[in-house]
Amino acid sequence: IAAAEAAHAPSRWKEFGLTLKGVVDVDDRAVMARVQRERDRFVGFVVQGIESIPAADRIRGYARFVGPHRLRVDEHTDVEFSRAVIATGSSPLHPPEFPFDDPRVHDSNEILQLQALPRRLVVVGGGVIGLATAYYLAKNHKMTNIAVVEKGWIGGGNTGRNTTIIRSNYLYDESAQLYDHAVKLWEGLSQ
């Protein structure tokens, strides 16, 4: 997305791997190198933010719910809360029927490691990551030969069930109150 925005700022084109030859020419290798730098920079911010929390306020371990407002961490520490944010992270699924040892097959983490993008692509999985990947590649890299394959429905999974709403709207009490108010307003709208 940043590369597309950069196309409107010619003074920064070289930084994004873009040159003008009658039309905008995209240097896939330079774009992917920037994507990798930006990913690493973002991860660095997250790690720095976590490490800035005083050690006395951080608990590292495996947690499980032992009550509606209580977690137990590694069987030694109980934590009480009014709201919990479950952000377990994610990792790509590697179904056995796909040959991940084939150099043409990549998961969503590996595609960010490519030196250059393929000209044709099949995205298996039409959830938020698969759709975002297909959209990004089509919009910003002019890929027109992308197929998204999904066994359920496009946009299904956790995104389709709106469970990702917890992270963005219930992290802070103020945000939760605002979201609850918005839901009440929405429920009051006429069809």
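F81 counts as buried, at 18% relative accessibility (buried is under 20% relative accessible area, exposed over 50%, partly exposed in between, with a 1.4 Å probe and protein chains only). Bear in mind that this is a predicted model, where local features need pLDDT of at least 70 and side-chain atom pairs count only at pLDDT 80 or more, while totals for chains, interfaces and linings use all residues. Residues are numbered from 1 along each chain as its sequence is written, and side-chain values use heavy atoms, leaving out hydrogens and water.

So what does F81 pair with? Its partner is F65: the ring centres are 6.0 Å apart and the planes sit at 70°, so this is an edge-to-face pair (rings of Phe, Tyr and Trp, the last by its six-membered ring, pair with centres within 6.5 Å; planes under 30 degrees apart are stacked, over 60 edge-to-face, the rest tilted). The count of aromatic pairs by this rule comes to one. F65 lies in strand β3 and F81 in the loop between β5 and β6, so the pair ties together parts 16 residues apart in sequence. F65 is partly exposed, at 46% relative accessible area.

On to the sheet. It is open, with three strands in the order β3-β4-β5 and antiparallel pairing (strands pair if DSSP finds at least two bridges between them; strands are DSSP E runs of at least two residues and helices H or I runs of at least four, numbered from the N terminus). β3 (63-67) and β5 (77-80) are the edge strands with a single partner each, so one side of each has no neighbour in the sheet. β4 (residues 70-73) pairs with β5 over four bridges, and V73 stands opposite T77 in β5.

Now the charges. The whole structure has six salt bridges (a Lys or Arg side-chain nitrogen within 4 Å of an Asp or Glu carboxyl oxygen). Here are three of them:

| Salt bridge | Closest N and O atoms |
|---|---|
| E80 and R70 | 2.5 Å |
| R72 and D78 | 2.6 Å |
| R104 and D102 | 2.8 Å |

Salt bridges with shared partners join R70, R72, D78 and E80 into one network. E80 is exposed, at 59% relative accessible area, whereas R70 is partly exposed at 29%. R104 is exposed at 69%, but D102 is buried at 19%.

Last, the core. The largest nonpolar core has nine residues: M32, I111, L114, L117, L121, V123, A134, L137 and M143 (buried Ala, Val, Leu, Ile, Met, Phe, Trp, Tyr and Cys residues joined through side-chain atoms within 4.5 Å). β6 (121-124) and α3 (128-141) each supply at least two of this core's residues.
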